[in-house]
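Try each task before reading its solution.

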Amino acid sequence: MSTIRIRNVRPYGEDPTDLYVRDGVLVDTVDDPDETVDADGLVALPGLVDLHTHLREPGGEEAETVATGSAAAALGGYTAVFAMPNTDPVADSPVVVEHVWRRGREVGLVDVHPVGAVTVGLEGSKLAEMGMMAASPAGVRVFSDDGRCVNDPLIMRRALEYARALDAVVAQHAEDHRLTVGAQAHEGPVAARLGLAGWDPTAEESIIARDAMLAAAAGARLHVCHLSTARSAEIVRWARGTLGGARSGFRVSAEVTPHHLLLTDTAAEDYDPVHKVNPPLRPSADTEALRRALADGTVDCVATDHAPHAVEAKDCEWSAARPGMLGLQTALPVVVTTMVATGLLDWRGVARVCSEAPARVAGLADQGRPLSPGEPATLTLVDPEAAWTVRGAALASLAANTPYEGMEMPVSVVHTMLRGRWTVQDGAVQESGEVQGEVQDV
Ligand SMILES: NC(=O)N[C@@H](CC(=O)O)C(=O)O
Ligand SMILES: [Zn+2]
Ligand SMILES: [Zn+2]
């Protein structure tokens, strides 16, 4: 492998320096590097890690594939993504998770870690082969029925007990489905005025409280997917403190999506299903509380919930449309808009919530690492001044369902590097077509 000098770069937005790479690892210095890149004051961050991505393969290849989703991820500054199992077939067995994992390695743009389903077919009634998925080459350590909630408390308890034994985490899509039958938008004055059936926030909050208690009793790790209300954050805070206390092994973590930090329920006023998402967009009091909870560490990290949908699934009346929106290429700029421009986080904080914390939640050893000698050369270089305008058709995803169409984003990802190899240079994907570096085998 080669040696690289990245000149005049600002790690975490701090003082300019040079970074050196040898054989995929950051080193103190290199004499006579094979390649020199002038970063011209770009901000360097550890490669971003997304705990919540829908890559749609297998079965949904009209909306996204491992290849197109990996390209979108790399362009967004990501070096690792967790692919949700609500595919067709569902990723509830070693054969499906291995397929996704192998495709990720073949594409080679980001580390693709399959999330295993908690229950067979996401049906909520019978536990999936969690142990077999954990033992497979895909080394599954995150389990979720995302898209659906593990609603049955006894199944959830058993899943948490297995997860604890496997040193894995259960990521819950917190939604009591009994409370959201037919729900279309956040239950409140906006939905009432628009004539859309309300999605009761208690459906989310009650499951988070219940799961925190089940996880504490099991001494297990629970991760809350796409937390969306102020009260949900309060419950996580309580679970960490009062409930957490002396219980060994118990830990609750939580993620918030960029769209729940920026957009509010009034977005539905245009009846454009591009704004339909699960959980629904909430009022501004919630968005603001979520920003504060992310800043103070109550919410650990940002996760995109990148949910590509084919035109047919979105180009229809609101109630018939599928929920979900694109996120990988707009996540970092939205975090800058909502958290950095508002003074809630600096670039160190962005590295924490977009890279270090998600890597820690998922137990990744070689992602979310400091930008220091001896660490993997896995990073992204961001131009903090380069604004761009979002065009769904120009994004790398096969689908175009971005809620930010025509919106100006304040920063641009310029280069992304995975273990010493450029996956993106000057905003363009560098195709590799082969497995690069070491992906954590088990
Ligand atoms: N978020 C969504 O609205 N949709 C997700 C499922 C999910 O994350 O619950 C999808 O798979 O499309
Ligand atoms: Zn979900
Ligand atoms: Zn999801």
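**Exercise 1.** In which loop does L55 lie? Then decide whether L55 is buried or exposed.

*Solution.* A word on conventions first: this is a predicted model, in which local features need pLDDT of at least 70, side-chain atom pairs count only at pLDDT 80 or more, and totals for chains, interfaces and linings use all residues. Residues are numbered from 1 along each chain as its sequence is written, while chains are lettered from A and ligands numbered from 1 in the order in which they are written.

Step 1: L55 sits in the loop between β6 and α1 (66-75); helices (H or I, at least four residues) and strands (E, at least two) are DSSP runs, numbered from the N terminus.

Step 2: count neighbours. L55 is buried because 31 other C-beta atoms lie within 10 Å. The cut-offs are 20 or more for buried, 12 or fewer for exposed and partly exposed in between, with C-beta atoms placed from the backbone.

Step 3: list contacts (C-beta atoms, placed from the backbone, within 7 Å). Leaving aside neighbours within four places in sequence, L55 contacts E64, T65, V66, G69 and A83.

**Exercise 2.** Describe the sheet that contains β6.

*Solution.* Step 1: find the order. Three strands make an open sheet, β6-β7-β8, with parallel pairing; two strands pair if DSSP finds at least two bridges between them.

Step 1: find the edges. These are β6 (48-53) and β8 (111-114), each pairing on one side only.

Step 2: look at one pair. Four bridges join β6 and β7 (residues 78-83) in the parallel sense, and T53 stands opposite A83 in β7.

**Exercise 3.** What does L243 touch, not counting residues up to four places away in sequence?

*Solution.* Step 1: L243 lies in helix α7 (residues 230-243). Step 2: L243 touches A212, M213, A216 and W238. Step 3: the C-alpha atoms of L243 and A212, 31 residues apart along the chain, are separated by 8.1 Å.

Definitions and conventions
Two residues are in contact if their C-beta atoms, placed from the backbone, lie within 7 Å.
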